[in-house]
Amino acid sequence: MAVVSAILAFLVWIWLIDTPLILDRKIEQEIFTQVPSVKWLPWLIVAYGLEGLGYIVTGTFIVSTAEKTPSFNGDATFVWMIVGLAAVPSCIIWSSLAKKWGIVKSLVLAMILQSIGIAMPVFLMSKTGLVISALLFGATFMGITTLATTLARQMSPSNSSRIIGYLTAIYAVGQMIGPTIAGILSSFSHDYNSALIGAASVVLVGACLLLNGIRFEKKPNIEGTCQKMMNNTIQK
């Protein structure tokens with residue numbers, strides 16, 4: 001697998017080199033992107049941290065949850081394969097939706113769908129419920145990361161590396177805290193229901209925090225547009 005990955009990485013390195021023409025097109029496209037201002041960034045950081053805390057609970061315990069479902073007949077790892085298959089096209093799908101609906105709207109929708117998927121086994125503890133949960137989880141967790149980092153980059157292109165670093169750090173903190181809390185809850189309740197409900201609620205709260213960013217997509221980001229045009233002019 002390491003050899004195959006190295007070969008594919010080499011091909012990607014060759015094929016994805018930007019030419020000046022492509023760079024100009026990217027800058028021109030981003031100039032007209034309607035996104036929140038940098039002042040809205042704390043909302044995104046907190047919401048992304050909650051996403052990291054909530055999603056990892058399903059990522060950690062979905063197979064264990066499936067093992068408690070008799071209909072799987074000892075083949076609980078099947079749900080993780082479904083997660084992987086659903087994740088394969090997710091980034092492309094969510095990126096396409098973001099171009100049509102706006103990044104914030106798409107991000108809110110993805111987090112709402114994920115929260116439903118996380119809570120699904122609690123209300124439908126069957127093979128069907130676990131499959132739906134795996135599909136919704138797989139179809140959203142990578143897409144959410146793609147949307148959040150893309151949004152951060154477009155909010156502040158000149159400082160995108162630092163902002164994405166903040167997002168990654170708080171996401172990682174959530175990933176470390178989530179399983180610990182979920183493990184404590186499951187040990188007291190002797191099932192995963194309370195942990196899953198808690199995780200779904202956390203992700204849903206994160207989605208609600210992003211709702212106030214939708215209004216920025218309804219009007220041009222004049223300040224950001226002017227800044228990008230000035231930067232482009234200076235570079236040329």
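Q: In which hand does α3 pass α6?
A: This is a predicted model, and in it α3 passes α6 in a left-handed crossing. The axis of α3, a helix of residues 41-67, comes within 10 Å of the axis of α6, and the two cross at roughly 30°.

Q: How do I put a word to the angle between α3 and α6?
A: Angles under 35 degrees count as roughly parallel. The angle here is roughly 30°, so α3 and α6 are roughly parallel to each other.

Q: What about α5 and α6: at what angle do their axes cross?
A: Helix α5 covers residues 90-101 and helix α6 covers residues 103-123. Their axes cross at roughly 130° and come within 7 Å. That angle makes α5 oblique to α6. The crossing of α5 past α6 is right-handed.

Q: How many helices and strands does the protein chain have?
A: The protein chain has eleven helices and zero strands. Read from the N terminus, its elements run α-α-α-α-α-α-α-α-α-α-α.

Q: What share of the residues in the protein chain is buried?
A: A residue counts as buried when its relative accessible area is under 20%. Of the 236 residues in the protein chain, 40% are buried.

Q: Is F10 buried or exposed?
A: The cut-off for exposed is over 50%. F10 has 52% relative accessibility, which is why F10 counts as exposed. F10 lies in helix α1, residues 2-15.

Q: How should I class S194 by its accessibility?
A: Values between the buried and exposed cut-offs are called partly exposed. S194 has 29% relative accessibility, so S194 is partly exposed. S194 belongs to helix α10, residues 193-210.

Q: What should I look for in phi angles?
A: Most residues other than glycine have a negative phi. H190 is not a glycine, yet its phi is positive, about 65°.

Q: Where is H190 found, and is H190 buried or exposed?
A: H190 is in the loop between α9, residues 160-189, and α10. With a relative accessible area of 67%, H190 is exposed.

How values were computed
Residues are numbered from 1 along each chain as its sequence is written. This is a predicted model: local features need pLDDT of at least 70, side-chain atom pairs count only at pLDDT 80 or more; totals for chains, interfaces and linings use all residues. Side-chain values use heavy atoms; hydrogens and water are left out. Helices (H or I, at least four residues) and strands (E, at least two) are DSSP runs, numbered from the N terminus. Buried means under 20% relative accessible area, exposed over 50%, partly exposed in between (1.4 Å probe, protein chains only). Axes are lines fitted to C-alpha atoms, for helices over the stretch in contact, and angles run from 0 to 180 degrees between N-to-C directions. Angles under 35 degrees count as roughly parallel, over 145 as roughly antiparallel, 65 to 115 as roughly perpendicular and the rest as oblique. A crossing is left-handed if the near helix is turned anticlockwise from the far one by less than a right angle, and right-handed if clockwise.
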